[in-house]
Amino acid sequence: MLAFIVLYFATLATDIKIHEKFHLFFTLAIGAGSILTTWLVQYLLLTEDLRDKMSDETFLLNVCCCLVIYLAVQICANQIGRTIIISHTLILVFAGVNYFVYEFRGNELTFGDFKSLGTGLSVASNYQFTLNAQAMNAILLSAALFAAAAKLRIRLKKPLLMRFICLSLAVFSIAYVADRTENTVTETWEQKGTYRNGYLLNFALSVRDSFVEKPQTYSMETVADLETKYAKANPSEEKEKPVIIAIMNESFADFRVLGNLETNQPVMPFFDSLSENITKGYTLASVFGAKTPNSEWEFLTGNSMAFLPSGSVPYQQYVDDKNAYSIVDILKKEDYACVSMHPYYSTGWSRDTVYPKFGFDEMYFLDDFDQSSLMRNYVPDAVMYDKIIERYESGEENENLFIMGITMQNHGGYRDYFENFQNDVYGINIRYPDVNQYLSLAHQSDLALEKLITYFSSVEKPVVICFFGDHQPSLNTSFYRRLNGKGISGLSISELQEFYQTPYFIWSNFPYEGENVKLTSLNYLSAMLLERAGIDLPPYQKFLSELMQTVPAMNERAYFSKSAGRYVHYGKGSKEEEFWIENYRVLQYNGLFDEKNQSEVFFGD
């Protein structure tokens with residue numbers, strides 16, 4: 001602080017006189033200011049170890065993003081000192097907003113957050129705003145910069161020419177960033193965006209990804225034709241409505257889809273033994289090792305990540321009050337009480353703001369669960385299942401109940417030692433410490449699942465349970481090379497899709513003689529669940545049910561082609577398959593992004 005005070009007053013005391021012929025040279029101060037501002041943004045938001053993770057190229061891209069703001073202000077102000085002060089203030093205030101947003105909710109500010117700006121402002125008074133040493137240092141250094149910039153009262157001659165040059169440089173910077181980041185994804189989990197992409201670049205990427213391209217075949221005529229075909233028919237006769245439970249189990253996977261792994265005991269013997277009143281197989285997810293909410297979103301909404309930018313997270317970028325159509329809407333119209341359970345922090349992936357938009361009546365997060373018997377650092381599956389049973393038993397006799405539970409027990413990583421957890425399942429032919437820990441956790445999930453199914457097997461009310469893994473775990477890369485002989489790179493599209501398969505089942509405590517679907521995908525699963533529960537399918541789910549007959553499984557990368565008998569990339573299948581997929585793309589775009597013309601038939605209240 002003393003150094004900053006000395007620097008500030010020394011700058012004030014310095015008398016800078018610049019001859020006119022050197023004015024053009026001092027335009028370099030705009031570039032220097034961009035570099036300093038970019039560095040201060042990273043300094044403000046990250047600890048030193050995280051700042052060191054940014055590459056020089058990424059830092060340059062962030063400087064280019066910052067420079068665009070500087071050049072835009074210079075075009076308007078045509079005064080170098082004023083440009084530096086205004087630009088630096090705008091960018092640092094913006095970074096400061098993100099500083100507080102991260103402190104409050106644990107996720108960064110992205111362009112999609114501006115959709116819910118009113119909600120954020122309404123709850124801001126509930127938080128305490130404090131500054132750490134880094135923030136105070138950033139403010140003091142900014143004051144010194146302002147003192148120096150105030151000395152640069154330079155107005156450039158030929159303002160029209162200089163504005164043209166500034167505009168050209170800004171366009172070049174934008175084009176350069178766009179070209180270098182064509183395959184760079186927006187990072188939306190914790191501070192990964194700031195240390196992997198740099199905060200300014202990551203925000204720019206979130207702007208890019210917020211504007212989803214309209215399908216080439218999109219038209220209201222196409223939507224109207226689909227409305228006519230799938231308009232809801234007269235409801236079927238009233239039946240007793242079952243309790244409906246959906247469980248998305250964290251990182252629950254079956255390595256038998258990848259290769260031969262021998263273990264000292266079966267990993268999921270109960271899951272394997274389920275054979276009565278059940279539809280069972282594998283479901284295709286769009287994510288591997290992380291980004292759980294994308295699987296959750298595909299299940300709840302019936303939408304697909306295939307039609308969104310790579311790396312995007314709908315919960316944080318696209319979900320708002322007008323496009324949050326989901327299975328919750330459908331069941332609330334059937335007089336269901338809709339309950340969500342997730343034994344972790346409510347702010348994770350912005351669930352505390354997304355769940356109310358979906359319309360959940362009750363929400364249970366970490367503080368609502370017994371934490372006296374953690375498994376590693378997480379609430380065990382068994383504890384969450386006890387909460388499900390408790391909520392079921394506390395309901396009224398004739399209550400229609402839907403519970404969506406997202407577990408945490410099996411969350412990565414798997415390399416640390418924990419006194420409260422022992423690895424009792426391990427590989428015999430392939431053995432790695434992290435793999436052994438994961439297998440032991442998956443076995444505990446199987447034991448907890450057995451207790452849950454056993455309980456609901458004995459209740460009088462009809463019950464339907466849908467269970468699925470959100471994605472496979474991320475483990476030692478050497479393990480995958482030994483398991484499939486190739487690892488996780490250099491694979492064919494069909495071999496790669498094996499890494500996106502997780503086990504699923506839909507079980508009921510009453511007889512069922514439906515088709516056993518061996519392979520499906522998460523976007524179809526809620527429609528299958530509704531059908532199994534005897535709920536009349538609304539138009540969108542009817543469309544999905546028919547789509548599944550032609551395109552049985554799909555994710556962000558590819559789909560399974562029945563005509564080819566293998567996975568194919570989008571645009572490479574049969575004419576009929578591509579026709580169905582294009583209609584799906586049109587409907588999803590209408591439901592998510594065309595607010596003015598959103599279909600009342602498919603997505604209306």
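Within how many Å do the axes of helix H4 and helix H8 come, and at roughly what angle do they cross? To find out, keep in mind that this is a predicted model, and start by selecting residues 56-77 for H4 and residues 159-180 for H8. The two axes come within 9 Å and cross at roughly 155 degrees. Because angles over 145 degrees count as roughly antiparallel, H4 is roughly antiparallel to H8.

Next, show the side chains where the helices meet. On the H4 side, select Glu57, Leu60, Leu61, Cys64, Cys65, Leu67, Val68, Leu71, Gln74, Ile75 and Cys76. Their partners in H8 are Arg163, Cys166, Leu167, Leu169, Ala170, Ser173, Ile174, Tyr176, Val177 and Arg180. Colour this H4 and H8 contact by class and you get 16 nonpolar, two polar and three charged residues.

Stay with Cys76, one of the H4 residues in that contact. Is cysteine 76 buried or exposed? With 66% relative accessibility, cysteine 76 counts as exposed. Now draw a distance from its sulfur to the closest cysteine sulfur, which belongs to cysteine 166: the gap is 10 Å, too far for a bond.

For the last stop, jump to cysteine 338. Here the relative accessibility is 0%, so cysteine 338 counts as buried. The closest cysteine sulfur to that of cysteine 338 is in cysteine 466, and at 15 Å this is also too far for a bond. With a disulfide taken as a pair of cysteine sulfur atoms within 2.5 Å, the count comes to zero disulfides.

Definitions and conventions: Residues are numbered from 1 along each chain as its sequence is written. This is a predicted model: local features need pLDDT of at least 70, side-chain atom pairs count only at pLDDT 80 or more; totals for chains, interfaces and linings use all residues. Side-chain values use heavy atoms; hydrogens and water are left out. Buried means under 20% relative accessible area, exposed over 50%, partly exposed in between (1.4 Å probe, protein chains only). Axes are lines fitted to C-alpha atoms, for helices over the stretch in contact, and angles run from 0 to 180 degrees between N-to-C directions. Helices (H or I, at least four residues) and strands (E, at least two) are DSSP runs, numbered from the N terminus. Angles under 35 degrees count as roughly parallel, over 145 as roughly antiparallel, 65 to 115 as roughly perpendicular and the rest as oblique. Contact means heavy atoms within 4.5 Å. Ala, Val, Leu, Ile, Met, Phe, Trp, Tyr, Cys and Pro count as nonpolar, Asp, Glu, Lys and Arg as charged, and the others, Gly among them, as polar.
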